[in-house]
Amino acid sequence: MLIWPINEEAKNRALKLLEQGEVVALPTETVYGLGARASCQQAIKKIYKIKGRPSFNPLIAHVGSVDMADQYAKIDSLSELLIENFWPGPLTLVLEYKHAKPIHTLARAGLDTIALRYPVGVIKDLSLALDEAIVAPSANRSGFLSPTTAAAVSDDIGSKLPLILDGGASKVGVESTIIKVVNNELFLLRAGGLAPELIEAVTGKKLNSMQLAAAIEAPGMLASHYSPESALIINAESVNEGNLLLCFGKTRITGANKAKFSLNLSPSGNLEEAASNLFNYLHILDNLAEGGLIMVEPIPRYGLGLAINDRLLRAAAPKI
Ligand code: TXA
Ligand code: MG
């Protein structure tokens with residue numbers, strides 16, 4: 001396995017590997033992804049195997065342009081409005097698949113819809129060079145924390161990969177927001193790196209409930225997704241001797257000075273900063289925990305706070 005900082009040579013190597021039916025770990029602005037050519041059955045099989053991901057859970061296809069998205073999917077007018085405002089960026093749209101340009105059925109888990117995203121960064125360049133989408137789930141074992149650095153990918157699944165492109169720490173730090181439009185109404189399938197308030201402001205529409213839609217549409221959203229190895233207590237009110245502490249903002253919960261080790265997601269209380277630190281800090285505390293509990297201070301439930309609370313809730317759920 002190789003970790004390469006992004007330069008022309010590294011990009012060419014990634015391109016070769018993808019052409020040959022290999023998988024490559026790639027940075028995006030949200031989290032690192034495990035990429036394969038969308039039409040390549042052999043490589044898509046490798047993704048599911050490396051992640052230990054159930055085959056009924058479809059992948060997101062990353063396109064290099066809006067034109068390319070058009071070739072893959074029927075784009076309704078509300079989705080088009082979101083595309084105009086938020087692509088490239090941390091927004092995934094579930095759309096009707098056209099069957100004209102191939103995304104292998106394994107990557108779609110046999111569905112007639114496709115989750116499309118136009119990301120920022122090297123994955124977009126590679127998609128343009130290949131003239132096809134790159135399917136990529138987050139580059140972690142299924143059910144574990146999403147990686148926001150090349151080192152986190154390497155720790156988790158590095159031994160199974162030929163190449164990790166190192167683009168530094170992911171800026172956004174949580175996965176993309178997933179939206180599906182049904183009958184001109186918006187459904188939030190996964191809270192993520194694009195704040196719901198921005199989507200509502202641009203469209204003038206309310207987002208429909210996540211739970212209902214998520215249960216039906218995003219089978220991958222199992223309760224215990226995103227688990228660290230250690231036990232986690234969210235909305236913690238106090239800290240005991242030997243606990244670890246994940247803080248947010250200026251004020252500390254009772255007993256905070258008893259924590260064995262603590263990190264602050266954002267000392268100034270900025271939710272964007274907190275999102276970008278979330279998975280990395282959970283990784284660090286998890287490695288230091290040695291059986292200790294990780295206490296998490298309350299995080300506000302608006303803006304990117306919704307995605308942060310969603311990931312923390314899943315991380316705190318018992319493993320299944
Ligand atoms: O930010 C992200 O979205 C990252 C980066 C790498 O792009 N990717 C990511 O992929 O988080 P993954 O595989 O970890 O999560 C994709 C989610 C899963 O919950 C899956 O069930 C859902 O997208 N999904 C994929 N295709 C779908 C479809 N046709 N309908 C509904 N949900 C779909
Ligand atoms: Mg994932």
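**Reading the labels on this predicted model**

Q: Where is alanine 109 found?
A: Alanine 109 is found in the loop between H5 and strand S7 (113–117). The helices and strands named here are DSSP runs (H or I of at least four residues for helices, E of at least two for strands), numbered from the N terminus. This is a predicted model, in which local features need pLDDT of at least 70 and side-chain atom pairs count only at pLDDT 80 or more, while totals for chains, interfaces and linings use all residues. Residues are numbered from 1 along each chain as its sequence is written, chains are lettered from A and ligands numbered from 1 in the order in which they are written, and side-chain values use heavy atoms, with hydrogens and water left out.

Q: Why is alanine 109 called partly exposed?
A: Its relative accessible area is 25%. Buried means under 20%, exposed means over 50%, and partly exposed is what lies in between (1.4 Å probe, protein chains only). With 25%, alanine 109 therefore falls in the middle class.

Q: What makes the phi of alanine 109 worth a look?
A: Phi of alanine 109 is near 50°, a positive value in a residue other than glycine. Most residues other than glycine have a negative phi. Histidine 99 has a positive phi too, near 65°.

Q: Why is leucine 194 called buried?
A: Its relative accessible area is 7%, which is under the 20% limit, so leucine 194 counts as buried. The residue sits in the loop between strand S11 (185–190) and helix H8 (196–203).

Q: Which residues does leucine 194 touch?
A: Setting aside residues up to four places away in sequence, leucine 194 touches Phe86, Pro90, Leu91, Thr177, Ile199 and Leu304. Touching, or contact, means heavy atoms within 4.5 Å.

Q: What joins tryptophan 87 and proline 88?
A: A cis peptide bond joins the two, with omega about -5°. Most peptide bonds are trans.

Q: Which residues in H10 and H11 meet?
A: Leu271, Ala274, Ala275, Leu278, Phe279 and Leu282 in H10 meet Gly305, Ile308, Arg311 and Leu312 in H11. These residues divide into eight nonpolar, one polar and one charged. Here Ala, Val, Leu, Ile, Met, Phe, Trp, Tyr, Cys and Pro count as nonpolar, Asp, Glu, Lys and Arg as charged, and the others, Gly among them, as polar.

Q: What makes H1 oblique to H6?
A: The axes of helix H1 (residues 8–19) and helix H6 (residues 122–130) come within 11 Å and cross at roughly 55°. That makes H1 oblique to H6. In this contact, Lys11, Ala14, Leu15, Leu18 and Glu19 in H1 meet Val122, Asp125, Leu126, Ala129 and Leu130 in H6. The residues divide into seven nonpolar, no polar and three charged.

Q: Which residues touch the most other members of the largest nonpolar core?
A: Leu116 and Val135 do, in a core of 77 residues. The largest share of this core, nine residues, comes from H10. A nonpolar core is a set of buried Ala, Val, Leu, Ile, Met, Phe, Trp, Tyr and Cys residues joined through side-chain atoms within 4.5 Å. Another core, of 15 residues, lies apart from it, and includes Val122, Ile123, Leu126 and Leu165. In soluble globular proteins, nonpolar side chains tend to be buried together.

Definitions and conventions. Axes fitted to C-alpha atoms, helices over the stretch in contact; angles between N-to-C directions. Parallel < 35°, antiparallel > 145°, perpendicular 65-115°, else oblique.
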